[in-house]
Amino acid sequence: MSTAGFNSQNGTGQGQAYANGPSQNPVALQQLPGVSYGMTHQPNYSPMQAKAPAPPGPGLYPSGPYQPVPPVSSYQPVPPVSSYQPVPPVSSYQPGPPLTSYPASPGQPLLTRPPMGGLPSHTPPQSASPSPGPRLPPAQATPPPPSVSSSSYYQNPQQPQPMAPSWQYNTAPPPMGPPASMSTPPRGPVANHVNPAVSSTAPPPPSSAVYTSAPPAHVSHSATQPPGPRMPPTSAHGYTQPGTVPPPMNPMAPHTYQPSRAPYGPPPTGPPPTMKATPPPTGPPMGNATPPPPKAVAQCGGVVNSTLSPTEPDCQEGDIECPGTVAGNGPQAPNSYNHVDNKMAGLPQPGPPGRHLGHYPSLPPGYQNTSTPHNTTSPMHPAMQAATQPYTQAPQPYQQPPGGPGPAQLSPSLAAMSLQSSTPEALRVVNLLQERNLLPPRPIPAPTPCLPQDLQKINCNPEVFRSTLTSIPQTQSLLNKAKMPLGLLLHPFKDLSQLPVVTSSTIVRCRSCRTYINPFVSFLDQRRWKCNLCYRVNDVPEEFMYNPVSRSYGEPHKRPEVQNATIEFIAPSEYMLRPPQPAVYLFVLDVSHNAVETGYLNVFCQSLLDNINALPGDSRTKVGFITFDSTIHFYNLQEGLSQPQMLIVSDIEDIFLPTPDSLLVNLNECKELVQDLLKSLPTLFEKTMETQSALGSALQAAFKLLSPTGGRMSVFQTQLPNLGVGALQSREDPNQRASAKDIQHLSPATDFYKKLALDCSGQQVAVDLFLLSSQYCDLASLGCISRYSAGSVYYYPSYHHQHNPAQVECFQKDLKRYITRKIGFEAVMRIRCTKGLSIHTFHGNFFVRSTDLLSLPNVNPDAGFAVQMSIEENLDDMQVVSFQAALLYTSSKGERRIRVHTLCLPVVNSLSDIFAGADVQAISGLLACMAVDRSVTASLSDARDAMTNAAIDSLTSYRQSVLTIQQPGLLAPACLRLFPLFILALLKQKSFRTGTSTRLDDRVFAMCQLKYQPLAYAMLMIHPSLYRIDDLTDEGALNISERTIPQPILLQLSVEKLSREAAFLMDAGTVMYLWIGRNCNPNFLSQVLGVPSYASVPDNLFMLPELDTAESQRTRAFIGWLRDQRPFFPSLRVIRDESQWKASFMQNMIEDRTESALSYYEFLLHLQQQISK
C-alpha cells in the first residue's frame, strides 16, 4: 500500500463488500483489455502461477503426472494484475457485471487468473495413487516425484497459457470467477482470502526474454521524483547537499504544509531557531493523498459505517481511529505516562542512552535519543524462540557518521554496504544432498535486519511483527527475480511482559498519511519531524515538547512514543463514535441428546463457575445464556427472581426474543442467579431424547440479542445441524479419505453462516465456535461463522467425558484460558507501509471493511495475521522502509486504546542481499496461508504443486543469479537450507497430505490453524520438535522461578534417530507424543512413568504421575515448560509399539518415506532434477 492513502490504488477492491444482509456490492470495477490502471508496475512475480500442464502419463505421484517441463529459467513478463491509477469518480469506470461475494455457482469451476490467451481449460490435472504391486529394488522403489506441471509461479513462455489456478505472490490476486447468485451454494474460499476487484488483462506479448521488464508507463498517485537530475538522499538533518534539488513533498495541495527550509550547505552552528508552535487545526480533517475508494466498497454493514462528522479532526471514514461504531472512554489525565500497563506489572525502566536517531543539527551533542530495552519475556521453548526470538545476530558493521542519520534518509554508505564484501553465514553455500544433519541442535532465531545498531536495538520484536524478507528489494523486478514471497506476519495483540502505555490529549500523527509518530521518524529540528512512511514534514505539537518520563521540556525525541517500536495509547474522546461498549458474553449451548452424551456440559458449567470472577470486564459486564436442540431456550435472569426462568421458543422459522430486556443481565447484580443456572444446567437436560439440532436458528436468536451492544458469542456444538435454517447434510465419503485424487468439499456447502457472520461483524459481534464431536460436522461450512466475524475455532474430535480423558483435559485447560484471557472489543486494524509498497492480500479471521481496514469485532491475544505485499514504485532513493500496524480496540474496562507496532527494514539492490535476509520460517508460514487459499479456490493438488515449485524457483534463482561458480549438487544459501525440509513438511501436514486417511473435519481444522495461529505455534504444527528425554540432565538447563528446565537438543524427524533403548518426546504443537522404546531403560520407566516394565505401560496414559524423583521432576518440568509457551493446551499421548497413536506419531517423521510420499532425500533429488532442466 502506498502510505498516502487507504483506497483502491493497490488494486484489491478488497472487500467482498457486504451491506448488512444479502445485498451485494453494486460497484464493480472492470478493467478493459489493454487498459492499465497501473502504478509503475514491473512484471509481477506470481509464485503460484501455473506452469503448463503436462499431458497425462504413467508414474503418477501425489498430485499429477510427472512429465518434463520447460526450463524454469525462462520467464515471460506478466501483465499488471488489477493495479490502479487514481481515477475520477466511479462513473468513469467501464460498466461491468456486479461483483459478488461468492465466486461461482456449483457448476462453475473457479478461476483464479484471468485468461492468458485461448479458452480456459477447466480440466484438473489427473492424479492417482501408486498402483499396488511387488516392491521394486531400492533404485526403482522411489515413487515418482510430485509433478511441477500444474501450478507454479510463472508461465511457460513457449505457448499460450491455459487456464490454471495461480498463486499470486506479489500482486493483487485476480477475480475468482463469474458472478453467482447469493442463493446458490458458494464455491468461495473457506479462508478469508481477500478477493480483488474484477479486472482482466490483455494476453501477454510473445517473448523469450528472461524476465524483461518494460519501462514504467506512468507513475502512481504518490510523490515521485520530478524529471531531471537524480535526487540525492538528504541527510538526517533535512539539509540537502549543495547544488542539488530539494526533495519534493507529497502533492498535497491545498492541505500540505511546506515548512521553510534552512539554506543549503552545512548545518548552522548556533542555537536552534525560535519557532512558534503551530496551533492544532480546527477545520475539517486532512484529506488523504489519494482519492477515497468508492463508498460502496467501504461499506460493511448498516449502522457501523455511519460517516463521521467533519468537525472531528482525526476521524476520517475508514481511518484507523474511526471503525464505524466504535467506543472508548476512561479518564483522560493529560499527558500521563505509565511505562508498563498496570496489568503487566513492572516499574518504569528508563532505557540506556546511546541512540543518535533524533539528533538535531543545531543542538548540543547531548540532544540525542535514548532507547528502551527490547521487550523481554520469560525464557521460551526453543522452537518458540526460533520463531519469535528478538533479533540477536550481530548486524553488519556500520560506522555512523557524526551527528547520526535519521532512518528515513540514511547515509548512502548503508545502501552501498553489500553483504558480499565478506560472505556472511546466511550466504554460505550448502550442498543439501551432502550435508545430512542440517537441523540445528537449537532452533534458529529470526534473521537480523542489516540495520545500524541503534536502529536495530529499538526495532519491533519479531514475536509481534516479522517480514518474510528482512532486506526489501529495491524494485518489483528484483523481487520477481528472487522468486520469494514478500509479506508480513503479525501477532498484534500478543500478551507482552512489558508494554509502554501513554495517556495524552494529543496523539501525534502524520497530517498526510496518518502514521503514528514512532522511533524511525526524523526530527529536522526541535519543532519539525519527517514522517518515515510518506516523508511529509510535520510540526511537533506544543504538548509533545514535554517528556513525561524525564519530566523535562524541549526533548520530543526522548518521549516514549519515539523510544518504543511497540506502544499503546489510551485514546482521547475524538477516537469514539459512541459510548464505550461494555464487555458482553453470550453462551450458546447445544443440549441435544448427543451433546448430553458427550458430557461436555458438566465441564463447561464447572469451568465457568470456577472462573466467573476472572471474566474480563468491569461493573457493566453482561452475560446471557441460550440453549438449543430442536427448539430454542432462553433464560430470564432478571434481578429479583428467586431462580432462573427458562423460556422456550419452538417457532424456529421466525425466531424472536421473548423478553429482550432480561436475557442479558449485569453479571455483578445477578451473579447468584447465573451461578444457580450453571449448577442446574447439566441436570436439566440429562434425560432428553431430542436428537435434532437447530443451530442456525439459535445463532439468529443470539445475533438479535447481541446486536444492540456487540460482544462475544461462544457457541458449543456437538453434531451436524439438521433442522431449520443453516441445516447441513453429511458430505464426507469415508472411502475417499485416503484418495490421492483431489479432496472435495473444502469449501462451504451454504452461504448462510458466512452471511450471518458478516451481519455479526457489522454489529461488533464475534462468534467463537467449540466443536466437540465424534461425527462429521462440516467444519468447512460452520467455520465461516467464526472466520468472517474474527472469532476462533476450537475442535475436539471424538470428545467423550469417559472414553477420551485426554480431550477432556484439553477442553478444560483451553476453556479456562478462553474465559480469562484479555479481550478487545469493536476493534479495527490497519497496516501502513512506506510509499511505493502495497499490501494486497490478508490472511486470518476478520472481514475486510474497506481496501485495507480489517474489521475485528473481538481481538484476542492468540490471533495471528499475515499479509502479502508487492512493490508498486521503485524504492531507489530509500535506504530503509517502514511498516506500521495500528490496532484500535475497546478494552474490557471500557477504555479506547490504540496499540501501534512499527518495523523498520533496509532496502537493497542486489539479489545476494535479498537472499541473505530471507526468513525461512516466515516464508514457510506465509506459503502455508497461501496454500490453504489455493486448496479451496482451486484444488489441493494445485496447492501441493505450487508449494513444491516455491522451493524449485527460489533455489533456481539462487543458483542462476547469485552463485558465481557453478558446482554440481543441490545448492542453497545457509539461510534457506531448511526450506525444502519445511516444504516437504507442509506436503505431509494434515492440511495438504494425500494417500493417508484424513477425516475431512480434521483437514479443514488443520487449515484453519495454519491461517489463524501466530507463526511460532504454526511452525510446530508444520515441523514438530523431537527430543530424547530418557537421559535428561541439568547441563545447559534454564532456571525459571526456582525450577530447573532441561534443554535437550533437537533431533531430525526420522526413525533412524529413534532407539528401542530410549524414550522420545515429539512436540507437534497441539499434541505431544511420548514414545517408549521396547527396551527402554527400566530406570526411566520406574522413575518417570511409575511402572516396573515396558509391558506395564497403560495404553491410554495421557499424564505423567507426580513422583518424588529427580528424573520425574526434570521430565515434568520440561513438558510443563513447553506447554506454558503456547495459549492452547497440547494433550500428551504416551505410546508404545501397539498403541493406536503410533501411526500419528510416525506420520510426523517427515524425513522418512511412506507409501504415498517421498523421503526427504528423494524430495531433494526431485528438486535437483527440476532445477537442472
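Buried denotes a relative accessible area under 20%, exposed over 50%, and partly exposed anything in between, computed with a 1.4 Å probe on protein chains only. The views below show a predicted model, in which local features need pLDDT of at least 70 and side-chain atom pairs count only at pLDDT 80 or more, while totals for chains, interfaces and linings use all residues. Residues are numbered from 1 along each chain as its sequence is written, and side-chain values use heavy atoms, with hydrogens and water left out.

View 1. Helices (H or I, at least four residues) and strands (E, at least two) are DSSP runs numbered from the N terminus. Because its relative accessibility is 1%, Val521 counts as buried. Its C-alpha atom is separated by 8.5 Å from that of Leu533, twelve residues apart along the chain.

**View 2. Packing of helix H16 against helix H17.** The expected span of a helix is 1.5 Å times one less than its number of residues. For the 18 residues of H16 (920–937) this gives 26 Å, which agrees with the 26 Å between its end C-alpha atoms. H17 (940–962) has 23 residues and reaches 33 Å from first C-alpha to last, close to the expected 33 Å. In H16, 18 of 18 residues are buried; in H17, 21 of 23 are. The two helices pack at an angle of about 150°, with their axes 7 Å apart. H16 is therefore roughly antiparallel to H17 (angles over 145 degrees; under 35 count as roughly parallel, 65 to 115 as roughly perpendicular and the rest as oblique). The contact (heavy atoms within 4.5 Å) involves Leu927, Ala931, Arg934 and Ser935 of H16, and residues of H17 including Leu940, Asp942 and Ala943.

**View 3. Packing of helix H21 against helix H22.** H21 (residues 1082–1089) and H22 (residues 1110–1124) pack at about 70°, with their axes 7 Å apart. Axes are lines fitted to C-alpha atoms over the stretch in contact, and angles run from 0 to 180 degrees between N-to-C directions. H21 and H22 are therefore roughly perpendicular to each other. Asn1083, Phe1084, Gln1087 and Val1088 in H21 meet Glu1111, Ser1112 and Thr1115 in H22.
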